[in-house]
Every structure is written in C-alpha cells, then in structure tokens.
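Here is a friendly first look at a structure that may be new to you. Please have the sequence and the 3D view open as you read.

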Amino acid sequence: MILFDGVLALLIVVLAWRCVTAGDLYLGIVVFIVMGLMLALSWARLDAPDLALAEAAIGAGLLGVLLLSTWRALPGHRRQDRDHPPARKAVRWLAGVASVAFGLVMAALLHALQPDEDAAGALALGRLTEAGVEQPVTAVLLNFRSYDTLLEMGVLLMALIGALLARTPLAPYGAATDDGTDSPLIPVLATTFTPLLLLVGAFLVWAGAYGPGGAFQGGAVLGGAGVVLVLCNRLQGAPEAGILLRLLLVLGVKVFILAGLLMLPLEGAFMAYPPGLTYPIMIAIEFCLATSIAVSLLLLFTGTHGVRVPER
Amino acid sequence: MTGLAVLAALALVIFFGLGLLRIHLGPTDADRILSIQLSGTTTVAILLLLSVIVDMPALLYVALIFVLFAAVIAIAFVRNPKGGA
Amino acid sequence: MSISAWLAALLIVAGTGFFFAGTMGLLRFPDVFSRLHALTKADNTGLGLVAAGVALLHQSWRHAALITVIWLLALAASSIACHLVARDALARGEQREEKP
C-alpha cells in the first residue's frame, strides 16, 4: 500500500507542476481536472471520505466544467489561434518554483506542529451525542462551529455578487450552442442525468446526518444538475433574477440565522438548539444550505443575475 | 485477498500515470478530453478497489459522483455556452 | 479462500488487464478515432469486471446494487461522452491517420 501511496503522491506533484507550467490554457485545465481525480483518491487514502466527496463534486466536477466552459467561451480557443501562450516561460517557471517553495515551507511548518492532546477535537467527539447527528463532520459544521459555516455561506454569497459585478456573462442571455455537433444524445443526457444528479445531490445532503456527505457536497451535485440543464439548453442565463431565485439564494443564510434567533429565548444563546429538536433543525438547515449553494454555483456558472427557461 | 486488490490498485494507478502521457502528447483537444475520460474511469475502478481495501463503503459515493460528472465534463467540452443570439 | 473470493480475484485481474489494454490503446493508436475506440471498449469492460469482482468482495446486496448502478452509469456516461467527442473531432476536421 505504501507503494500505491508513493505513486499517488508522485503523480500529484507531477500534475501540479504541469498544471502551473503548462504553456497552453486548455492543457492547464485538463491537467487540473485530472489532478482533481488524484486528489480525491488521496483524500480517500487519508481516511477523509467527506473531503473526497467534496473534491469529486467541486474540484474535479463542477470546477472542471466551469473552467472548460470558460475556455470555450474565450475568443480564439481554437487550436490555430493559440500561438501565444498565456504567460512567458520564465514567469510560468517562476510560478512553479515559488509554488514548490511555498509547499515545502508549509510541509515543514505543519510537520513541526505538535497536535494538542486536549484539543477541541477530542472534546467535540466526546459530546457527539448532544449534537443531534451521528456524523462528526456535520456535527462540527452545523452545530459546534455553526458560526463558521454561517460565515462561509456569507462568503459564497459575496463571491457570487462580486463575480456578477465584475464579469460579463459567459452566455449573453442566449442559449447554449455547439458548432456543428448538435447531437441527438444531448436531450437524452438532459433527461437522464439531470434527475440522477438531483437524486444523488439530495441523497448526499441527507446522508450528511449519519455518514460522509453534507450540504456542500450535495449542493455542488445539485448545482451540477443545473449546469447540465444550461449546457443542454433547457435553462439559460437571464439579466433579471426573479423573486423566487433571490429567495432561494439567501435561503440558507436566512434559515440559519432565523433558527439561531428563534431558539434564543428558549436556550439563552444564539444558535443553541433545544436537545429534542436538534436533529430536525439541522436537517432543515442542511437542505436550505444545499439549495442556496446549488443556486449560487449555478449562477456562478452562467455568470448572469438569473436563469430562465428558454422559449421554444 | 486484500493483497490482490492492493496490487490491482497499484497497477491501475501506474496505468493512470502512463495514460497521462497522452495529455502531454496531445495532439488534439479531443485526445486530451479522452485522456480525462480514461483517467476518470480508472479513478472509479481504483475507488471501488479502495472501498474494499480500507473497508470504506462511502468511497462508492465518490465513485458515483465521478461517473455522473464524467458526462457533464464531456458535454462542457463540446457545448458552447456562448449565446448565438 | 472460498469460491467467490477466487472468482472475485479472477474478475479483478481480468479487469486490470482490460485497463492495461485500454491505456496502451490510448497511447499507441495512431489517430483520435481509433484511440476513442480503444478507450470505450476496453475501459468499460475493465470497469465492469473490476466492479463485479469488488461487488463479490463486498458481500452486501446494497453495495453490490450501488456498484452495479455505478457501472451502468459509467457505460452511459462513457458512450455519450465518446459520441460527443467524436462528433466534435469530426466537425473540427480531424483527419484519420493513414498508417503506412
């Protein structure tokens, strides 16, 4: 097994190096996606199936799709137009060497770090029964350290607003097209894979209560379903966001804060849930978070303020 | 029995590394996307084997997600999100 | 070792062999269309055999069913993906290599 880990680690380093030093944007994207596959494997080897799921759904899956679509939308993504590499060779190598140096310093620092025996981890594991869910990761994210997760949701919302302000939409309110490859399988893909992605996404959110899974992984898969719909021309970007879409966007943050405030008179502390109700509250919060994450990721993909069903 | 699964996983990860040469060589964009597809399937196979080796059934869900996104990646490669209108 | 363990070992070894063939095909075949061919055939048979072996080792009907779903989805995803990539390559005018 040590040999397997060694090959895995070596491949990740080589891929990371190629990803940074690739002379061609498309090559860099391809290497990045393949590196996501390897990273998911390494998380699996590190006994962290939650992170493997997140890496699979977000790192290799959704981010890969986003990068590929961005590349397709760039003017001159065709091969003959690619005489000019994105950066000079010296710059790319400098970036590579700097990344390696940074990685080595981080590795040395992390190696020198001695974990505290009485750290919060042991304390949290000891009181897991009070958290309402069996899964330690979800318990930490939604109960013990729910402030962090709330702020993360805020960060995601901010990122979306920033992206919408800063960039012109990939799809200027038009429908997805492909030049000359309008395959009859595209509708099949939309009708078979969208329900499956929705089902698996919802399952992952649900599974977060007792096993690996959770709002972020599930939300990314749900967002993937939306991306498939956009790519298959069942949905398209729209300049205006409907009231429903806006509500869904802020649903996670709203419900999270509301749940924290409503229980304030009962429990005497913000975000302290009464013991009997912990499980249903956390499941509800988790599904709301996943919905908001999915909608945010979809809008980050289209780069528009809203989405609508195209007229036929 | 686990020993054989470990050997198979090792072999697969080495094939994965060999398949990367096609990404390096190209020459066309399609070749590189094919390489991603092969890497994806190989990763799924390794995950299946790992789920037995370390007895972690949750890895099956990771494999499921990879399989689902494999098709999405291909469609993102061929479809142009840029509007015609 | 029980019969099912032997069978699983056989399936996994055979599947790994198919992965080897697929990887070699991807590396050695002359043009994008024949590489596509090598990939889809060998790869999915390989995944199918490995999946069957792993399903036998898991000794749980739930996991076996999930593994079957994964394999079926891989078949669907891979055939759709390869069809799309082939159409795209054709539309972009990739040439078939005439091997001397």
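Predicted model: local features only at pLDDT ≥ 70, side-chain atom pairs only at ≥ 80, totals over all residues.

Phe20(C) is partly exposed, because its relative accessible area is 39%.

- The partner of Phe20(C) is Phe15(B), and the two ring centres lie 5.2 Å apart.
- Their planes stand at 50°, so the pair counts as tilted.
- Is Phe15(B) buried or exposed? Phe15(B) is buried, because its relative accessible area of 12% falls under 20%.

- Aromatic rings are described in pairs by two values, the distance of their centres and the angle of their planes.
- Over all chains, the whole structure holds six aromatic pairs.
- One of them is formed by Trp71(A) and Phe77(B), which are stacked, with 6.3 Å from centre to centre and 5° between the planes.
- This pair also crosses between chains: Trp71(A) sits in helix 3 (residues 49-73) of chain A, and Phe77(B) in helix 3 (residues 59-78) of chain B.
- Trp71(A) is buried at 3% relative accessibility, and Phe77(B) is buried at 0%.

**The largest pocket**

- Where is empty space left among the atoms? Rolling a probe the size of a water molecule over the atoms shows it.
- The largest pocket holds about 610 Å³ of space.
- Its lining consists of 26 residues, and those nearest the centre are Ala124(A), Ala139(A), Asn143(A), Phe144(A) and Arg145(A).
- Helix 5, helix 6 (136-144) and helix 7 (146-166) of chain A each give two or more residues to this lining.
- Helix 6 of chain A supplies the largest share, with six residues.
- By class, the lining of the largest pocket has 18 nonpolar residues, four polar ones and four charged ones.

**The second largest pocket**

- About 420 Å³ of space lies in the second largest pocket.
- Among the residues that line this pocket are Ile12(A), Trp17(A), Gly96(A), Ser99(A) and Leu104(A).
- Two or more lining residues come from each of helix 1 (2-21) and helix 4 (89-112) of chain A.
- Helix 4 of chain A gives the largest share here, six residues.
- How many charged residues does the lining of the second largest pocket have? There are no charged residues, but there are eight nonpolar and three polar ones.

**Cysteines**

- Zero disulfides are found in a search of the whole structure, over all chains.
- Cys232(A) is buried, with a relative accessible area of 6%.
- Cys288(A) has 15% relative accessibility, so this residue counts as buried too.

**Confidence in chain A**

- The mean pLDDT of chain A is 80, and 88% of its residues score at least 70.
- Which element of chain A has the highest mean pLDDT? That is helix 2 (residues 25-45) of chain A, at 89.
- Helix 5 (residues 120-126) of chain A has the lowest mean among the elements of the chain, at 71.
- Helix 5 is also one of the elements that give two or more residues to the lining of the largest pocket.

Technical notes:
Residues numbered from 1 in each chain as written. Chains lettered and ligands numbered in written order. Heavy atoms only, no water. pLDDT = per-residue confidence, 0-100. Helix = DSSP H or I, 4+ residues; strand = E, 2+ residues; numbered from the N terminus. 1 Å grid on protein atoms, 1.4 Å probe; cavity = no way out; pocket = protein on both sides within 12 Å on 5 of 7 lines; lining within 4 Å. Points joined across faces, edges and corners; volume = space filled by probe spheres on them. Nonpolar A, V, L, I, M, F, W, Y, C, P; charged D, E, K, R; others polar. Disulfide = S-S within 2.5 Å. Buried < 20%, exposed > 50% of the residue type's maximum accessible area, 1.4 Å probe, protein only. Phe/Tyr/Trp six-rings, centres within 6.5 Å; stacked < 30°, edge-to-face > 60°.
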